Amino acid sequence: MTQKSFFVLCAVTALAVLIAGFAVINRPAIESSDFDGTLMFPDLVDDINDLATVKITHKDGTFTLNSTGEGWVFAERDNYPVQDDKIGELLIKLTRMEKVEPKTELPERYDRLDLVVPDEKEDTRAKVVTLLNGDDEEIADLVVGKRKFTLGTDEGGTYVKEPDEPQTWLVTGELNPGARARDWLLREVSDIKDDDIARVTITHPDGEVVSVYKNNPDDPNYLVENVPADRELRRDTIANDTGRVLSNLLLDDVAKADSIAFPEDQTIRAVFEGFTGFTVTVDLIEDGDDNWIRISGTAPDSPTETEAAEGDETGAEARDWSAIIAELNARADGWVYQLPGFEVSGIKKRMDELVREPDEDGV
């Protein structure tokens, strides 16, 4: 998945201008006698063209998302790419945000609306969204609190306040800035389907090897190699999770490759072999509850033969595996990825987890 160009932001800005310009016409039906109808940030449409940085401050710290000439990057993650569409979504919501009604001005009641800033409460749910221009000047600053789902509109509402103002507001739109790295990072690690994987060979640190394979891409299940004679598979589908590890593989966090050690005596290695000749190697290390991987691929020896093998009788377009593997390597080069346990459970499997003793009746 490649970065979107900076023109995405321009398109978002243009859309925000249109939305703001027609706010009165397109205003949702809100049943509130106190409806104000004014924009929370009336100048944001003009100022957004100078936007350079988005900061999200939450109870666990601050995320700094910076614009480059080619997209957005995550400063606290060594400038790893950010999901540009999430930035666009946030900007559109801020640009079109309208005041519905004023709420409390009393600081002792802010906590009811989740509007106590992180500096003042350790376990607060409030998040502070700050937009800065290229000179590090504030374009907008907003404390975002509890959402209100029963506003009388499809999009609901949110309780907010400006940091230096006592007045709190209920505004249109469900604004929920992510407080986890995965909410902003470009999450795709790989997306190679199990239909493309012929064999997976897992080597555990103690030397145990587990191999699963398919003879044909359309086989429904993976087979397990070298099942002991006195054992049987726990179920026919038991090895399928292993073959599917590379499909829609999404990260939770990311770090520079040299920041996480992969000792040989603690690392699980899984080698995925494609029907068309490519290979992908995944090294996995467990650090407490965290699972970290490094990943790399090798393209098929003959791209021409690969494309021919990938074609089918329906005339479906052949996949360029050389390009797919090159993109994977470019994305992963110099990085390691933290993944949730369920994403990599398939390459932690040992033979004892795949097989069992046969039932007495032989079934």
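A: We can start with burial, where buried means under 20% relative accessible area, exposed means over 50%, and partly exposed covers what lies in between, calculated with a 1.4 Å probe on the protein chains only. This is a predicted model, in which local features need pLDDT of at least 70 and side-chain atom pairs count only at pLDDT 80 or more, whereas totals for chains, interfaces and linings use all residues. Residues are numbered from 1 along each chain as its sequence is written, and side-chain values use heavy atoms, with hydrogens and water left out.

Q: Why is lysine 103 called partly exposed?
A: Lysine 103 has a relative accessible area of 31%, and because this value falls between 20% and 50%, the label is partly exposed.

Q: What makes glutamate 101 buried or exposed?
A: The relative accessible area of glutamate 101 is 17%, which is under 20%, so glutamate 101 counts as buried.

Q: How do you know that lysine 103 and glutamate 101 form a salt bridge?
A: A salt bridge requires a side-chain nitrogen of Lys or Arg within 4 Å of a carboxyl oxygen of Asp or Glu. The closest N and O atoms of lysine 103 and glutamate 101 are 3.6 Å apart, so the pair meets that limit. The structure holds 23 salt bridges.

Q: Are aspartate 194 and lysine 214 buried or exposed?
A: Aspartate 194 has 15% relative accessibility and lysine 214 has 5%, so both are buried.

Q: Why is the pair of glutamate 208 and arginine 350 said to tie parts together?
A: The closest N and O atoms of glutamate 208 and arginine 350 are 2.6 Å apart, and the two form a salt bridge. Glutamate 208 sits in the loop between strand 11 and strand 12, while arginine 350 sits in the loop between helix 8 (341–344) and helix 9 (351–354), so the bridge joins parts that are 142 residues apart in sequence.

How values were computed:
Helix = DSSP H or I, 4+ residues; strand = E, 2+ residues; numbered from the N terminus.
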